[in-house]
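These notebook entries record what I looked up in this structure. I began with the strands and then turned to a helix.

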Amino acid sequence: MASPHSRPVTVALVDDYDVVLRGLAHMFDDYRDRVVVAEIDANTETLDAVDVALYDSFAQPESDPVEIAALVKNPRARRVVVYTWNFQPELIDAARTLGVDGYLSKTLTAAELVAAIEAVHAGDVVVSDHTPRVASAPGSDWPGRLEGITDRESEILALITQGKSNSEVARLTYLSPNTVKSYIRSVYRKIGVSSRTQAVIWGIGHGFAPDTHRIDHWMGGP
């Protein structure tokens, strides 16, 4: 934990979904004496020099190391942390091989997430316990939340909106094909569609296509 006299840890948040990153940024609002969001980045080309780059894995191809590798190589990001639901050993091993300094669960509370980021900033390697995937921590946000779509359903619909097949969705989310089909049927009922094409059109119109926004200096950050 940071001492009362040390400066806050500066963090860049990285993902392709603005609503996801804004929700994550708000989780730090009560801890601005310890963690300050310097940048929200829909790309991996972090512009601000930050202590920690936090890579949110929502609807991202975690089996593809390109984005994480780019962050690790970025000289403006002193340390890199993956923020995820998926804790398959091969994913953790691959991320560690690329050079990430932390692999943190989306089930962490805001206080736990802040403490983990501070530990990474201090030089520790932090990997959350390998717990089964459960709902995101309070304060998180995702496309479709206000329409009653769960975080897992949202991720699957986002991947479908990106043009992924069922088998690709299953591979990227580490869910079984039957589980993916079950989530898709549930999403269809909630959004009132009956086909994949209709679901994609609905997704594009409701924030499920990747964003390209960048928000610098969140709430007075450096």
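Predicted model: local features only at pLDDT ≥ 70, side-chain atom pairs only at ≥ 80, totals over all residues.

Entry on strand β5. I asked which residues of β5 are buried on each face. In this strand, residues 102-105, Gly 102 and Leu 104 are buried on one side, and Tyr 103 and Ser 105 are buried on the other. Both faces of β5 are therefore covered, by the under 20% criterion. I recalled that side chains in a regular strand alternate between the two faces of the sheet.

Entry on the neighbours of β5. I found that strand β4 (residues 77-84) runs parallel to β5 and is joined to it by four bridges. Tyr 83 stands opposite Leu 104 there. Strand β6 (residues 126-127) also runs parallel to β5, with two bridges between them. In that pairing I noted Tyr 103 opposite Val 127.

Entry on the crossovers. β4, helix α3 (residues 89-98) and β5 form a right-handed β-α-β unit. From β5 the chain passes through helix α4 (residues 110-121) to β6, and this β-α-β crossover is left-handed.

Entry on helix α5. How many of the eleven residues of α5 are buried? I recorded ten, in a helix that spans residues 151-161. Among them are Asp 151, Ile 156, Leu 159 and Thr 161. The buried residues of α5 pack against α6 (166-173), α7 (177-191) and α8 (196-205). After α5 comes Gly 163, with a positive phi near 95 degrees.

Conventions. Residues numbered from 1 in each chain as written. Heavy atoms only, no water. Buried < 20%, exposed > 50% of the residue type's maximum accessible area, 1.4 Å probe, protein only. Contact = heavy atoms within 4.5 Å. Pairing = 2+ DSSP bridges. Right-handed = clockwise from strand over helix to strand, strands pointing away.
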